[in-house]
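Subject: Structure for you to look at

Hello,

Here is the structure I promised to pass on. My notes on it follow below.

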Amino acid sequence: MNTVAGKLAIHKLAAIVIAAASLMITIPSHAQSSSVSDADEQVREVVTLSLMSWETLLEDEFVSTSHPDLLFAFPRVRADLEGALKVFRMWKEQYEDTRVYIHQILVDGNRFSAEYQFATTKKETGKRTVMGTIAIGELRDGRIVVLKEYTDGRVADLQEQGKLALEEGEEPFPWPKLD
């Protein structure tokens, strides 16, 4: 299973099991259309495999979707491929039970936008956080060359303090409901 398609098949099976248990994934109406191009589907497959690598923590899957000229950015970090791998390895050491609930992936040529919920538990504290996330990016040569992830770190901070709900597996929003 060294191909992106083979690895994606494994992740699709895992996603079906997760969905059957508790998650309903919304697929945009244009993605259900027979007019979706093979190129658009290939972008979706690469983005999905990259996102799911954070759940499986399989570094080779992350690398297989990352272009050598990768620009990887999220709040407080802007890194190249080497820096992104350091973040990935740190994540593997410090977090567990990570789940990525993909809500939708929109494709425009080689550019994409992905909306998902990212849930994880910090090993040191046992505290779980769940954040709605948007990432925008671009593929070059079939791999992600730009990934800019937008989150609000205050959500995780307040969830760790027990002040915000988790809403795991639900439709992602910037913040959980404030009751």
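About 80 Å³ of space lies in the largest cavity; a cavity is a set of points on a 1 Å grid over the protein atoms alone where a 1.4 Å probe fits but cannot get out, and its volume is the space filled by probe spheres set on the points, which are joined across faces, edges and corners. This is a predicted model, where local features need pLDDT of at least 70 and side-chain atom pairs count only at pLDDT 80 or more, while totals for chains, interfaces and linings use all residues. Residues are numbered from 1 along each chain as its sequence is written, and side-chain values use heavy atoms, with hydrogens and water left out.

The largest cavity is lined by 14 residues, and Gln117, Gly132, Glu167, Phe173 and Pro176 are the closest to its centre. Lining residues have an atom within 4 Å of a point. Strand E5 (residues 128-140) gives the most to this lining, with three residues. Strands (E, at least two residues) and helices (H or I, at least four) are DSSP runs, numbered from the N terminus.

The second largest cavity holds about 40 Å³ of space. Its lining is made up of Ser50, Phe62, Thr65, Ser66, Leu70, Phe72, Ile144 and Leu147.

Ile136 counts as partly exposed because its relative accessibility is 31%, between buried (under 20%) and exposed (over 50%), with a 1.4 Å probe and protein chains only.

Regards

Methods:
1 Å grid on protein atoms, 1.4 Å probe; cavity = no way out; pocket = protein on both sides within 12 Å on 5 of 7 lines; lining within 4 Å.
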